[in-house]
Amino acid sequence: MTDTAALPASDQTLHDIAVIGAGPAGMTAALLLAKAGYGTVLVAPPANLDDGRTTALLSASADLYARLGLWETLAPLTAPLRRMRMIDGTDRLIRAPEVTFDSAELELDAFGYNILNKDLNRTLSEAADAASTLTRVEDTVSSYAFLEDHVVIRLASGGEIRARLCVAADGRRSPAREAAGISVKSWSYPQTAVVLNLAHDQPHNDTSNEFHTPTGPFTLVPLPGRMSSLVCVVSPEDAEPLRAMADEDLALELERRAHSILGKFRIASRPQSYPLSGLTANALAGHRLALIGEAAHVFPPIGAQGLNLGLRDVACLAGHLTPAGSPLADPGADALLKAYEKDRWQDITSRTAAVDALNRSLLTDFLPVQMMRSAGLYLADRLPALRRFLMKEGIAPGQRLKGLPLPFPKAPRLRFPAPKLPRLPR
Ligand SMILES: Cc1cc2nc3c(=O)[nH]c(=O)nc-3n(C[C@H](O)[C@H](O)[C@H](O)COP(=O)(O)OP(=O)(O)OC[C@H]3O[C@@H](n4cnc5c(N)ncnc54)[C@H](O)[C@@H]3O)c2cc1C
């Protein structure tokens with residue numbers, strides 16, 4: 001229900017949960033928490049139906065949408081990602097061998113399912129409108145007051161909403177996080193991701209092709225039919241000329257960079273650009289506040305991790321708020337929020353560090369790091385146990401390395417320091 005008018009400026013209802021933000025993380029959280037029985041209100045401007053990016057939904061994310069009864073609607077809009085090919089696109093002295101990871105080796109149908117963000121957002125937004133237990137308020141939050149037993153959420157339009165728990169899904173700048181005084185570690189990369197969708201002559205055979213170039217990955221990810229999404233990570237100076245090119249010139253230039261592996265390209269959507277940065281919040285919970293999605297963590301688009309990590313936040317928070325067999329508790333109780341934070345900490349910090357190290361290993365000219373990266377890919381190509389471990393870690397974290405005869409290669413030492421990630425708050 002889109003219900004701005006139904007919530008008067010002096011609304012005194014004490015809602016169980018207010019989710020702030022109608023990005024994919026916020027809409028998924030609101031649907032899940034409302035379905036669990038909490039009186040939930042979703043506060044945000046309308047969902048972004050113009051987002052040119054795509055998301056490869058890993059199997060845990062697909063399971064989450066199945067739980068919400070949405071997978072049947074989403075699945076036909078996705079393309080399965082069955083193989084991932086990594087190609088060294090540098091002309092450096094030490095080059096890595098080409099490695100292909102195949103989901104069949106893990107007896108999986110696919111590593112993930114790639115979908116246009118605008119299709120995902122539209123489906124979630126329609127489901128949120130249709131959910132009878134979810135109240136939707138199309139507005140921006142202007143300020144917060146975190147009181148003893150509830151949060152007062154003041155709207156730009158002048159109204160107020162009260163809730164026992166505020167779930168901040170309000171993106172990387174998160175005004176809710178700031179209002180609660182939660183600090184962040186943030187850093188930036190000398191890189192910009194140019195993203196667009198392409199039609200091509202040759203079939204992609206459900207294979208994602210990732211060229212590692214000296215400025216970052218150039219990744220073609222399957223979409224339904226003879227279409228792929230492209231994430232092309234370049235220096236900020238190179239991004240603007242690419243974005244300004246006419247469609248025909250851009251198609252030729254991108255086909256050249258892709259070594260024509262999918263034949264001729266045709267531009268299907270105008271390029272959008274995203275400067276790359278990283279961020280980790282120093283706490284994932286505050287008084288009557290939980291952070292999810294990019295309000296809690298941001299990192300470069302490598303290995304289809306960002307939103308999948310955000311959806312794991314959602315599943316974990318919902319798990320703590322709805323323990324099997326127990327009645328619904330005060331969702332803003334301190335102990336529940338601390339337990340959520342403790343559960344999510346390891347996954348978030350380890351993913352952030354791994355993606356950061358991978359990205360930096362591409363950027364560095366430092367020969368030992370290049371050798372380390374090449375050796376890692378060489379071993380992955382030769383050792384099925386290591387390859388399976390890497391594939392499992394990519395799609396579901398926390399697997400153990402079994403049956404691998406060699407010690408796992410140590411993380412490379414980098415010439416420029418990696419971000420110091422925060423410790424779990426006590
Ligand atoms: C180039 C690129 C490619 C990517 N590819 C992948 C991929 O393949 N797989 C993957 O898992 N991840 C990927 N990611 C990451 C993924 O896109 C993000 O993690 C995801 O979009 C973040 O979603 P979110 O819901 O947390 O935040 P957002 O989508 O940023 O949503 C924030 C919401 O908060 C609202 N908001 C903000 N302020 C207020 C306020 N004051 N009041 C009310 N509402 C407010 C906004 O309007 C918006 O609705 C990629 C990222 C990039 C840059």
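Student: Between which two elements is the loop in which Ser-260 lies?
Tutor: This is a predicted model, in which local features need pLDDT of at least 70, side-chain atom pairs count only at pLDDT 80 or more, and totals for chains, interfaces and linings use all residues. Residues are numbered from 1 along each chain as its sequence is written, and side-chain values use heavy atoms, with hydrogens and water left out. Helices (H or I, at least four residues) and strands (E, at least two) are DSSP runs, numbered from the N terminus. In these terms, Ser-260 lies in the loop between H7 and S16.

Student: What phi does Ser-260 have?
Tutor: Most residues other than glycine have a negative phi. Ser-260 is not a glycine, yet its phi is positive, at about 55°.

Student: Is Ser-260 buried, exposed or partly exposed?
Tutor: Buried means under 20% relative accessible area, exposed means over 50%, and partly exposed lies in between (1.4 Å probe, protein chains only). The relative accessibility of Ser-260 is 37%, so this residue counts as partly exposed.

Student: Which residue just after H7 takes a positive phi of about 50°?
Tutor: The helix in question spans residues 247-257. The residue with this positive phi stands just after H7 and is His-259.

Student: Which residues does Gly-263 contact beyond its neighbours within four places in sequence?
Tutor: Gly-263 is also found in the loop between H7 and S16, and it is buried, with a relative accessible area of 12%. Contact means heavy atoms within 4.5 Å. On that basis, the partners of Gly-263 are Asp-201, Gln-202 and Glu-255.

Student: How far apart in space are Gly-263 and Ala-199?
Tutor: Along the sequence, Gly-263 and Ala-199 are 64 residues apart. From C-alpha to C-alpha, their separation in space is 9.7 Å.

Student: Which elements do the buried residues of H7 pack against?
Tutor: In H7, the buried residues are Leu-250, Ala-251, Glu-253, Leu-254 and Glu-255. They pack against strand S12 (184-200), S14, S15, helix H6 (236-244) and strand S16 (265-267).

Student: What is the volume of the second largest pocket?
Tutor: On a 1 Å grid over the protein atoms alone, a pocket is an open set of points with protein on both sides within 12 Å along at least five of seven lines, and its lining residues have an atom within 4 Å of a point. Grid points are joined across faces, edges and corners, and a volume is the space filled by probe spheres set on the points. For the second largest pocket, that volume is about 220 Å³.

Student: Which lining residues are closest to the centre of the second largest pocket?
Tutor: The elements giving two or more residues to this lining are S13, strand S14 (216-223), strand S15 (227-234) and H7. Of the 15 lining residues, those closest to the centre are Gly-89, Thr-213, Pro-214, Phe-218 and Arg-257.

Student: In what sense do S5 and S13 run?
Tutor: Two strands pair if DSSP finds at least two bridges between them. Strand S5 (residues 83-88) is joined by 4 bridges to the antiparallel strand S6 (residues 99-102), where Val-99 is the bridge partner of Met-86. In S13 (residues 207-213), Thr-207 stands opposite Arg-83. The 6 bridges between S5 and S13 join strands that run parallel.

Student: Which residue in S11 is the bridge partner of His-15?
Tutor: Strand S1 is mostly covered, as 6 of its 7 residues are buried. S1 pairs in the parallel sense with strand S11 (residues 160-168) over 6 bridges. Within S11, the bridge partner of His-15 is Ala-163.

Student: Which residue in S2 stands opposite Val-19?
Tutor: S1 is also joined by 4 bridges to strand S2 (residues 40-43), and these two strands run parallel. In S2, the residue opposite Val-19 is Leu-42.

Student: Which residues does Ala-22 touch, not counting those up to four places away in sequence?
Tutor: Ala-22 is found in the loop between strand S1 (14-20) and helix H1 (24-35). Ala-22 is buried, with a relative accessible area of 11%. The residues that Ala-22 touches are Met-27, Ala-44, Pro-45, Ala-47 and Arg-136.

Student: What percentage of the residues in the chain is buried?
Tutor: The chain has 11 helices and 20 strands. Of its 426 residues, the buried share is 53%.

How values were computed. On a 1 Å grid over the protein atoms alone, a cavity is a set of points where a 1.4 Å probe fits but cannot get out, and a pocket is an open set with protein on both sides within 12 Å along at least five of seven lines; lining residues have an atom within 4 Å of a point.
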